[in-house]
Structures are given as C-alpha cells and as structure tokens.
Amino acid sequence: DRIREHLANDKKRLRALNIQNELYVHSNLPDGRIRFGDQFINDTEFIHYAEIDVVPRMQDNTLVLVHGFGGSNNIFYRMISYLAAYFHIIAIDLPGMALSSRVQSRDHFNDTESCLRFFTDRLHMFLDSMQLGRVHLVGHSIGSYITTHYFDAHSERVVKLYMLSPAGFNHADEHSLKTYQTALDDMPYFKRRLFGYVRDQVFKQKRSPFETGWIPFKRYLIK
C-alpha cells in the first residue's frame, strides 16, 4: 500500500503517464480500447504496461511487445493500430526502465548470465501474474535478445517469436558490414567512434550485448 500511495503521488510519474496517454492518442485506436497499468510481480517490483483490447483476450491470441535498452513501450505506438486488428496486445516497460519499478540490488548484474536471468525471470513472472498462457512475443533490439533467451527457457509459453532489429546476433555477411561502414562514414566523429566500437565488439570480438564493455559505462547505466 505504501508503494502504491507513493506512485500515485509521484508528480514526475504522473507527468510521464500523461505524455504516454497523449502519444497513444496518435495510434488511431478506438476510444476506450487502451489502458495502462502497473502489475506487481512480487512485493516490491512491478512492470508497467499498456493493454490494447480491440480484439478480446482469447487462447493464444495475446501479443507481448518488449522494447530495447533504455526504451519504453511507447516505441510501438505507430504499429499498434495495425497489430490491434489481429491480436490482443500488451506492451511492457522492462524492469528498471521507463515507468516500471527500479532495481534495488546490483547483484543481478555481475555477469552476463545473471543479467539475462534477471530479465527473463521477470518477464516470466509478469506473464504468470497477468494469467497469460501461451503468447506471441515481439522483441526490439535487446528486447529480442531477452525474448530469444526466454523462448529457450520457456518454449511451451511462446506461440511465435518475432525479432525486430535484434541485438546479440554477432554474424554479419560482407554486404551488411559494408552497408554499416557506409552509414558510419556519414556520422559525426563521436557517433562514428561509438557505433564503430559497438560493431567491433559484437561482430569481431563476438561479445554479448550484456557483457561489460559492450558500451562504455554499461554496468552503471543499467543499474
């Protein structure tokens, strides 16, 4: 109750919720077909979500959208009106990001495996607490990395897995690398160095997006 009262009185959070609501107005959904909520997955942690029920929830028809690093469910607002004609949709904010609860312990981020387990476990807890059975999973960027590992651990809960610009796939053909280099050449100096570093880490060093060093100061950003 104390946590819920705190959330209700958090002015920054209320302002963010208003912005989110205004953003989804532009998704051209019928009135009353979208709602926002905070689903507690344990005593202290909750996941914020947007639920779109143009299509009522039925067996195997729920589509769960998972955004990338540092993002929010808002990134999907342009595509939701198209998807809503076919699926019951739930778009989440990953733990520690956007309007979901912040992480109190740093123990989850000591290595790649514990970091992955933190996110996949909480995705599983969310699906259980929402009483969702089998779902379609859509991941963007690191959201794809998380949902892929979730599928490996809980394939019986996933109807289909869709990956949008997935992170964590460290094989690229020669044409893709040349296209990437062309894009780098057009970037300002600092941006070119940063994304060049990311390319080298992922495709040359074959590192995971969650490994320390994938981007500078990543451990501190995610905490």
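Among the 26 residues of the largest nonpolar core, Val 64, Ile 92, Phe 119, Phe 126 and Leu 127 touch the most other members. A nonpolar core is here a set of buried Ala, Val, Leu, Ile, Met, Phe, Trp, Tyr and Cys residues joined through side-chain atoms within 4.5 Å. Buried means under 20% relative accessible area, exposed means over 50%, and partly exposed lies in between, with a 1.4 Å probe and protein chains only. At least two residues of this core come from each of β2, β3, β4, α4, β5 and α5 (142–153). The helix α4 gives the most, with six residues. A second, separate core has 14 residues, including Leu 29, Ile 52, Leu 63 and Phe 87. In soluble globular proteins, nonpolar side chains tend to be buried together.

The model is predicted: local features need pLDDT of at least 70, side-chain atom pairs count only at pLDDT 80 or more, and totals for chains, interfaces and linings use all residues. Residues are numbered from 1 along each chain as its sequence is written, and side-chain values use heavy atoms, with hydrogens and water left out.

Ile 92 touches Ile 47, His 48, Tyr 49, Val 64, Leu 65, Val 66, His 67, Asn 73, Leu 123 and Phe 126, not counting residues up to four places away in sequence. Contact means heavy atoms within 4.5 Å. Among contacts in the protein between residues at least 6 apart in sequence, 65% join residues at least 24 apart. Buried residues make up 42% of the 223 residues in the protein.

The overall plan comes next. The protein has eight helices and six strands, and along the sequence they follow the pattern α-α-β-β-β-α-β-α-β-α-β-α-α-α. Helices (H or I, at least four residues) and strands (E, at least two) are DSSP runs, numbered from the N terminus.

The six strands form an open sheet of mixed pairing, in the order β1-β2-β4-β3-β5-β6. Its edge strands, β1 (34–40) and β6 (158–164), each pair on one side only. Two strands pair if DSSP finds at least two bridges between them. From one strand to the next, the twist averages 20 degrees; axes are lines fitted to C-alpha atoms, for helices over the stretch in contact, and angles run from 0 to 180 degrees between N-to-C directions.

The strands β1 and β2 run antiparallel and are joined by seven bridges, and a hairpin of five residues connects them. Within this pair, Asp 38 stands opposite His 48 in β2. On to β4 (residues 88–92), β2 pairs in the antiparallel sense over four bridges, with Glu 51 opposite Ile 90 in β4. Elsewhere in the sheet, β3 (residues 62–66) and β5 (residues 135–140) run parallel and are joined by four bridges; Val 66 has Gly 139 in β5 as its bridge partner.

Why is β2 (residues 46–52) described as largely enclosed by the rest of the structure? Seven of its seven residues are buried, so the strand is largely enclosed. In a regular strand the side chains alternate between the two faces of the sheet. In β2 both faces are covered, with Phe 46, His 48, Ala 50 and Ile 52 buried on one side and Ile 47, Tyr 49 and Glu 51 buried on the other.

In α4, the buried residues include Phe 119, Leu 123, Phe 126 and Leu 127. The expected span of a helix is 1.5 Å times one less than its number of residues. The 18 residues of α4 should therefore span 26 Å, and its end C-alpha atoms are 26 Å apart, which agrees. Ser 114 belongs to α4 (residues 112–129); at 12% relative accessibility, this serine counts as buried. Ser 114 touches Asp 107, His 108 and Phe 109, not counting residues up to four places away in sequence. After α4 comes Gln 131, whose phi is positive, near 60 degrees.

Asp 60 lies in the loop between β2 and β3 and has a positive phi of about 65 degrees; its relative accessible area of 26% makes Asp 60 partly exposed. Ala 98, in the loop between β4 and α4, has a positive phi near 50 degrees, and at 32% relative accessibility Ala 98 counts as partly exposed.
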